[in-house]
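Dear colleague,

Please find below the sequence and structure that I am handing over to you. My notes on what was found follow directly after.

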Amino acid sequence: MSIAPPPKTFEYPTGDGLPMAETWLHVRAIIHLHQALEDFFRGRDDAFIASDMNWYLEEGTDRKIAPDVLVAVGVPPRPPAERRCYLPWEEGGVIPAAVFEMASKGTWREDVKDKYETYEELGVREYFLFDPEAAYIHPPLQGYQLHGSAYRRIRSPDGELTSELGFRIRAEGELVRLIDGRTNEPILTRAEAVERAELAAVRAVQAAERADQAVAAARMRADAEQQRADALAAELAELRKRLSGETP
């Protein structure tokens, strides 16, 4: 009697062998955006940010898409290392709330048509497009929000796009800047944060040096005042001696 082998488990490859982005310019834009989103959602264990990760659309099939950046909110808490792919059926059915694509010479046509239609059909609430080269889509930053089953363009006279997730975004040269809607403060890049910390440290040292100098100057003034008081006391004592006839 032969024993049937166990059914083969479907494997979900974590990569497709393709580069993360077309150029280093696009990779840098992805990295800065990913880090800004991590900083915005810091402390929340139900938010997951991923870049160039395979998102499988149906269990047991190889249908997938790999957004440049995706944001899923309301997912079960778990260590990021356990998510090697995004599998909605393991995430309580959560569909990413926002997806970002960096348009390039080789991708922009797909970004504005096929991916647009795919994300719309999947029910991704917000779809953002950014062209770091400002050469293929105009304006270079565009956003769409789902209304019913169709996307509607996010309009903004000042170029900032407001996300339902609580932040605003704007194009700054070759990067996307996030602005925290709670504080209206821009979220710094890691390099900017380091630079600001270093500047704050330098200013703290300078303030301490100024305080030390002020203390030293005050001490010198106090010493001078004491010397002057001692001299006056000596003069007064000498005058009293003379007036009392003790000094010829």
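The accessible surface of the protein amounts to about 15300 Å², and carbon and sulfur atoms account for 54% of that area. Please note that this is a predicted model. Of its 248 residues, 34% are classed as buried. The secondary structure consists of four helices and eleven strands.

In soluble globular proteins, nonpolar side chains tend to be buried together. Here the largest nonpolar core holds 24 residues, and those touching the most other members are Leu 33, Leu 37, Phe 41, Phe 100, Phe 167, Ile 169 and Leu 178. Two or more residues each are supplied by α1 (24-40), β1 (47-51), β4 (69-73), β5 (98-102), β6 (126-130), β10 (167-172) and β11 (175-180). The largest share, six residues, is that of α1.

As for Phe 100, its contacts beyond the neighbours within four places in sequence are Leu 33, Leu 37, Pro 67, Asp 68, Val 69, Val 71, Phe 128, Phe 167 and Ile 169.

Helix α3

In helix α3, which spans residues 114-122, the buried residues are Lys 115, Tyr 116, Tyr 119 and Glu 120. These lie on the same side of α3 because they cover an arc of only 135° around the axis. An α-helix has 3.6 residues a turn, so residues three or four places apart point the same way. Just after α3, Gly 123 adopts a positive phi of about 90°.

Backbone geometry to check

Most residues other than glycine have a negative phi, and most peptide bonds are trans. The following places depart from this pattern.

- The peptide bond from His 138 to Pro 139 is cis, with omega near -5°. Pro 139 belongs to the loop between β6 and β7 (141-147).
- Ala 134, in the loop between β6 and β7, has a positive phi near 50° although the residue is not glycine. Its relative accessibility of 43% makes Ala 134 partly exposed.
- Asp 52, also not a glycine, has a positive phi of about 55°. Asp 52 sits in the loop between β1 and β2 (55-56) and is partly exposed, at 26% relative accessible area.

With kind regards

Terms used. Residues are numbered from 1 along each chain as its sequence is written. This is a predicted model: local features need pLDDT of at least 70, side-chain atom pairs count only at pLDDT 80 or more; totals for chains, interfaces and linings use all residues. Side-chain values use heavy atoms; hydrogens and water are left out. A nonpolar core is a set of buried Ala, Val, Leu, Ile, Met, Phe, Trp, Tyr and Cys residues joined through side-chain atoms within 4.5 Å. Buried means under 20% relative accessible area, exposed over 50%, partly exposed in between (1.4 Å probe, protein chains only). Contact means heavy atoms within 4.5 Å. Accessible areas come from the Shrake-Rupley method with a 1.4 Å probe; for residues, only the protein chains shown count as cover. The arc is that of the directions from the helix axis to the C-beta atoms.
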